[in-house]
Amino acid sequence: MLYAIETSAITKRFEEITAVKDVSLQVKPGELFGLLGPNGAGKTTLINMMSTMTEPSGGSAKVWGFDVVRDASSVRQNIGMVFQDTTLDDRLTGRENLDLHGRLYGMDGMHRKERIKEVLALVELMDRADAIVKTYSGGMMRRLEIARGLMHHPHVLFLDEPTLGLDPQTRNHIWEYIKTLNKEEGVTIVLTTHYMEEADHLCGRIAIIDNGQIVALDTPDALKNMLGGDIIILEIEDPDRTAGLCKLYMKNGCAHAVTQKNNKVFITVKQGEQQIPHILNIALSAGISIMSVSLRKPTLDDVFLHHTGSAIRDKEVSGLEQVGYKMRTRRKK
Ligand SMILES: Nc1ncnc2c1ncn2[C@@H]1O[C@H](COP(=O)(O)OP(=O)(O)OP(=O)(O)O)[C@@H](O)[C@H]1O
Ligand SMILES: [Mg+2]
């Protein structure tokens with residue numbers, strides 16, 4: 001089968017840092033695939049290797065059947081790229097930016113004109129097409145960049161943090177465009193994000209990346225179901241007793257997984273509502289005072305916490321600090 005993307009133990013080292021380590025994955029044509037991970041996880045480095053911007057230090061990758069090192073120019077013909085940082089020329093109009101891109105890809109004048117109309121309509125920028133890009137809002141620039149990435153009819157579109165720094169309303173709009181071009185134009189999309197809601201909402205499959213490695217890869221639902229149930233959160237009065245309480249639940253064997261953060265204990269159990277009394281009894285019998293109890297369905301952040309020991313948001317705040325405590329007893333493969 002021809003995969004849209006296939007990597008085999010792809011690795012990138014920058015002197016002493018290994019930004020991407022032995023990543024092997026396959027993306028099928030037509031997929032909307034997400035790379036989810038905190039700042040510095042290696043997402044940009046990974047898609048830079050797939051899009052021929054950076055050469056791998058080891059392993060290999062094929063995009064649309066072409067090797068990213070040996071057949072770099074064929075790879076480039078088949079991909080569109082929206083970089084994490086804007087690369088528009090803000091002294092030109094939106095239309096001129098698109099036209100320039102079409103010329104670089106050798107599109108003839110007629111074809112460029114038609115395609116510019118199509119891609120502008122797709123991202124709803126027709127009315128501002130002839131304004132200088134400097135006058136665009138952040139969301140409009142992002143939409144124009146997506147339109148530019150699509151100009152030459154690529155099979156695969158890479159979007160590096162497509163909604164970084166945008167307000168929720170603009171983000172929702174961009175999500176709709178991404179979905180539309182995946183469904184209606186049939187473009188295979190690989191996007192990076194550190195917003196778990198974005199990955200959850202958009203992607204058919206997600207690879208969770210931490211420290212340059214894939215720690216989990218599946219559909220959003222399968223990733224969440226893998227945790228094995230609901231999450232009961234206990235806020236306890238004395239933070240010094242959190243670790244002890246985690247151990248207690250682990251020993252008791254009542255939970256699928258237990259993690260902690262500050263004075264909170266996160267217990268993953270099947271049929272959470274029914275388990276609350278039992279969970280509370282264990283804490284109370286050990287003389288631990290509970291300040292609050294809540295129950296929720298797992299999110300991708302919980303999945304990340306489960307696999308790495310820390311939440312995506314904590315990683316962003318405190319680098320590589322490990323705050324979790326996890327167990328994997330009774331985990332079914
Ligand atoms: N050109 C470079 N030279 C040296 N180190 C680099 C270079 N590019 C990336 N790195 C390092 O590689 C690691 C991964 O960086 P990368 O930009 O791929 O992460 P990311 O997941 O895209 O993060 P972010 O969410 O902040 O965009 C980081 O430790 C980064 O400092
Ligand atoms: Mg990045």
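**Ground rules.** I worked from a prediction in which local features need pLDDT of at least 70 and side-chain atom pairs count only at pLDDT 80 or more, while totals for chains, interfaces and linings use all residues. Residues are numbered from 1 along each chain as its sequence is written, and chains are lettered from A and ligands numbered from 1 in the order in which they are written.

**Ligand 1.** I looked up the shell, taking a residue as near if its C-beta atom, placed from the backbone, lies within 6 Å, and I found 13 residues, with Phe14, Ala19, Asn39, Thr44 and Thr45 the closest. Helices (H or I, at least four residues) and strands (E, at least two) are DSSP runs numbered from the N terminus; β2 (17–27) and α1 (43–50) each give at least two shell residues, and α1 has the largest share, with three.

**Open sheet.** I then traced four strands in the order β2-β1-β4-β5 with antiparallel pairing, where a pair needs at least two DSSP bridges. β2 and β5 (66–67) are at the edges with a single partner strand each, so one side of each has no neighbour in the sheet. β4 (residues 58–63) joins β5 through two bridges in the antiparallel sense, and I noted Lys62 opposite Asp67 of β5.

**Parallel pair.** Lastly I checked β6 (residues 79–82), which pairs with β7 (residues 156–160) in the parallel sense over four bridges, and I recorded Val156 in β7 as the bridge partner of Ile79.
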